[in-house]
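Let me put the sequence and the model up, and then I'll walk you through what I'd look at.

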Amino acid sequence: MTDMGMCACPGCEHQVSNDQAIVSEGLAFCCTPCATGHSEGSECIHAGCPCTELNGPAEDEESAGDEIMEKFSNAQF
Ligand SMILES: [Zn+2]
Ligand SMILES: [Zn+2]
Ligand SMILES: [Zn+2]
């Protein structure tokens, strides 16, 4: 067995299997979404892998804004 090592996608901690290895610029990724940096919000082949959220389109700013708004409205009343 040849070990390709960990997926090079930031946040992805899955071993790259020979079957599904995507090699891009000398780095081995576990799946196509990882190799493309999840640029289209595509999910890691490993369901629930944190790398999808880490590298996908950021929605954190919106939710953080909602929290701040809630605090403000609470303070007013
Ligand atoms: Zn992953
Ligand atoms: Zn990966
Ligand atoms: Zn990934």
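So, what percentage of the 77 residues of the chain count as buried? It's 22%, where buried means under 20% relative accessible area, exposed means over 50%, and partly exposed is in between, with a 1.4 Å probe and protein chains only.

Quick housekeeping. This is a predicted model, where local features need pLDDT of at least 70, side-chain atom pairs count only at pLDDT 80 or more, and totals for chains, interfaces and linings use all residues. Residues are numbered from 1 along each chain as its sequence is written, chains are lettered from A and ligands numbered from 1 in the order in which they are written, and side-chain values use heavy atoms, with hydrogens and water left out.

Okay, the overall layout. The chain has 3 helices and 2 strands, and along the sequence they come in the pattern β-β-α-α-α. Those are DSSP runs numbered from the N terminus: H or I, at least four residues, for helices, and E, at least two, for strands. The chain exposes about 5,800 Å², and carbon and sulfur atoms supply 52% of that; the areas are Shrake-Rupley with a 1.4 Å probe, and for residues only the protein chains shown count as cover. On contacts, meaning heavy atoms within 4.5 Å: of those in the chain with a separation of 6 or more, 23% are between residues 24 or more positions apart.

Now, the metals. Let me start with the zinc ion (ligand 1). Which residues coordinate the zinc ion (ligand 1)? Cys12, Cys44, Cys49 and Cys51, each through SG, at 2.3 to 2.4 Å. A donor here is an N, O or S atom within 2.8 Å of the metal (3.2 Å for Na, K and Ca), and water is not among the atoms, so sites may look incomplete. The angles among the 4 donor atoms run from 90 to 125 degrees, and the site is tetrahedral. For that label, four donors need all angles between 85 and 135 degrees; four count as square planar and six as octahedral if opposite donors are over 155 degrees apart and all others between 65 and 115, and anything else is irregular. Along the chain, the spacing for this ion is C-x31-C-x4-C-x1-C. Cys44 and Cys49 are both buried.

Next, the zinc ion (ligand 2). Its donors are the SG atoms of Cys7, Cys12, Cys30 and Cys34, at 2.3 to 2.4 Å. This site is tetrahedral too, with angles of 104 to 117 degrees among the 4 donor atoms, and the donor residues are spaced C-x4-C-x17-C-x3-C. Here Cys12, in the segment before β1, is paired with Cys34 in helix α1, 22 residues apart, so distant parts of the chain get linked.

Then the zinc ion (ligand 3), which has a histidine in the set: the protein donors are Cys9 (SG), Cys34 (SG), His38 (NE2) and Cys51 (SG), lying 2.2 to 2.4 Å away. Why is the arrangement around the zinc ion (ligand 3) tetrahedral? Because the 4 donor atoms subtend angles of 100 to 115 degrees. Cys9, in the segment before β1 (22-24), and Cys34, in helix α1 (residues 32-35), are 25 residues apart, another pair linking distant parts of the chain. Cys51 coordinates both this ion and the zinc ion (ligand 1), 3.7 Å away from each other.

His38 sits in the loop between α1 and α2 (50-55), and its phi is near 55 degrees, a positive value in a residue other than glycine. Is His38 buried or exposed? Buried, at 1% relative accessibility. Compare Glu25, in the loop between β1 and β2 (27-29): phi is near 55 degrees there as well, but Glu25 is exposed, with a relative accessible area of 79%.

How many disulfides does a search of the whole structure find? It's 0, with a disulfide being a pair of cysteine sulfur atoms within 2.5 Å. Take Cys31: the closest cysteine sulfur is in Cys30, at 3.5 Å, so that's too far for a bond. Cys31 is buried, at 4% relative accessible area, and Cys30 is buried at 2%.

That's my tour, so over to you.
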